[in-house]
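Have the model open while you read.

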Amino acid sequence: ARVAVLISGSGTNMAALLYASRLPNSPFEIVLVASNDPHAGGLSIAEAEGIPTFALSHKGMERADHDLLMDEAIREHGAQFVALAGYMRILSDEMVARWEGKMLNIHPSLLPKYKGLDPHARALDAGDEYAGCSVHLVTGELDGGQVLGQSEVAILAGDTPETLAYRVKLAEHQLYPRALSDFVSQPFDSAWLLERVRSLAL
Ligand code: GRF
């Protein structure tokens, strides 16, 4: 499956997806890394790895116009799926609708807890035992789509939002490639396939 990754920052999750895509039998490849911030650190990682990049600042642009140009670049590269990886822009309703069921995001909390900003500080304030990360489908509700995979990270005595964010991010790097692989491979364990096999065996 051909995947475009959208980033705004350091791009470590993008890098995890990219390196995973180069392992034998990966069901996905990264065809484009696009950013709304031309200075996003992740763009240089992608360039160094020979992946096409596209950067377009959203400043001074209508949200829908910006998304339309991002979408054009995504489609020019033949992407079938979009993975948001630290993409810090809310998408236009039109963009979300165009990629419904084909766009994933990673969020550093155990959704449905702590949607939006500062999830680590909020988990600490609440006295939670576990924090974690979630990969989910993107819908019109921020961090609200179907959860596709999660990993838990134990909160330790003395954790700060920074120390916790660091350990959660390590978990993100393991979770995202696995969740994306499973998601793009779904057709191979579809109900149709299982039904065919059952009808042969019984
Ligand atoms: C990650 O924590 C991700 O969950 C959140 O933004 C951060 C992006 O980090 N949405 P990076 O750019 O992948 O290093």
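## Before you start

This is a predicted model, in which local features need pLDDT of at least 70 and side-chain atom pairs count only at pLDDT 80 or more, while totals for chains, interfaces and linings use all residues. Residues are numbered from 1 along each chain as its sequence is written.

## Helix H1

Helices (H or I, at least four residues) and strands (E, at least two) are DSSP runs, numbered from the N terminus. H1 spans residues 12-21, and seven of its ten residues are buried (20 or more other C-beta atoms within 10 Å of a residue's own, with C-beta atoms placed from the backbone). These are Asn13, Met14, Ala15, Ala16, Leu17, Leu18 and Ser21.

Their cover includes strands E1 (2-7), E2 (29-35), E4 (81-84) and E5 (103-107), together with helices H2 (41-48) and H6 (161-185).

## Around the ligand

The ligand is surrounded by 14 residues, and the closest are Gly9, Ser10, Thr12, Asn13 and Gly86 (a residue is near if its C-beta atom, placed from the backbone, lies within 6 Å). H1, E5 and H6 are the elements that give two or more residues to this shell.

## A look at Gly86

You will find Gly86 in the loop between E4 and helix H4 (93-98). Gly86 counts as buried because 22 other C-beta atoms lie within 10 Å.

Leaving out residues up to four places away in sequence, Gly86 touches Ile7, Ser8, Gly9, Gly11 and Asn13 (contact: C-beta atoms, placed from the backbone, within 7 Å). Gly86 and Thr12 are 74 residues apart along the chain, with 8.9 Å between their C-alpha atoms.

Methods. A residue is buried if 20 or more other C-beta atoms lie within 10 Å of its own, exposed if 12 or fewer, and partly exposed in between; C-beta atoms are placed from the backbone. Two residues are in contact if their C-beta atoms, placed from the backbone, lie within 7 Å.
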